[in-house]
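Open the structure in your viewer and keep the sequence beside it. This tour tells you what to select at each stop and what is there.

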Amino acid sequence: MTKKENNPYITLICSHCEFFKEDDIELECAAFKILKSMLQKGIITQEEIKDAFK
């Protein structure tokens, strides 16, 4: 199992980013950290993030 598969936040948030590279999986940008924190606090939902990429 890859690190991407172990971290659902990466799959949800990073896989849509034009700057995302599979080999940079250890790096976390500020946008990722903010969205991850908002998800964990219940400020936004996974559905809202998915809708943003439609």
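Helices (H or I, at least four residues) and strands (E, at least two) are DSSP runs, numbered from the N terminus. This is a predicted model, in which local features need pLDDT of at least 70, side-chain atom pairs count only at pLDDT 80 or more, and totals for chains, interfaces and linings use all residues. Residues are numbered from 1 along each chain as its sequence is written, and side-chain values use heavy atoms, with hydrogens and water left out.

**The whole chain.** Colour by secondary structure. The protein has four helices and zero strands, in the order α-α-α-α along the sequence. Of its 54 residues, 19% are buried; buried means under 20% relative accessible area, exposed over 50%, and partly exposed in between (1.4 Å probe, protein chains only).

**Asparagine 7.** Select asparagine 7, in the loop between helix H1 (3-6) and H2. Is asparagine 7 buried or exposed? Asparagine 7 counts as buried because its relative accessible area is 17%. Its side chain reaches the backbone nitrogen of tyrosine 9 at 3.0 Å.

**Helix H3.** Next select residues 30-41, which form helix H3. H3 has 12 residues and spans 17 Å from its first C-alpha to its last, close to the 16 Å expected. The expected span is 1.5 Å times one less than the number of residues. Just after H3, glycine 42 has a positive phi of about 80°.

**The largest pocket.** Now show the surface. A pocket is an open set of points on a 1 Å grid over the protein atoms alone, where a 1.4 Å probe fits, with protein on both sides within 12 Å along at least five of seven lines; lining residues have an atom within 4 Å of a point. The largest pocket has a volume of about 340 Å³, volume being the space filled by probe spheres set on the points. Its lining has 17 residues, and Cys14, Cys17, Phe20, Cys29 and Phe32 lie nearest its centre. H3 gives the most to this lining, with three residues.

**The cysteines.** How many disulfides does the structure hold? The structure holds zero disulfides, a disulfide being a pair of cysteine sulfur atoms within 2.5 Å. Select cysteine 17: its sulfur is 6.1 Å from the closest cysteine sulfur, in cysteine 29, which is too far for a bond. Cysteine 17 is partly exposed at 34% relative accessibility, and cysteine 29 is partly exposed at 44%.

Key. A polar contact is a pair of N or O atoms within 3.5 Å; within protein, one must be able to donate a hydrogen and the other to accept it, and residues adjacent in sequence count only if both atoms are side-chain atoms.
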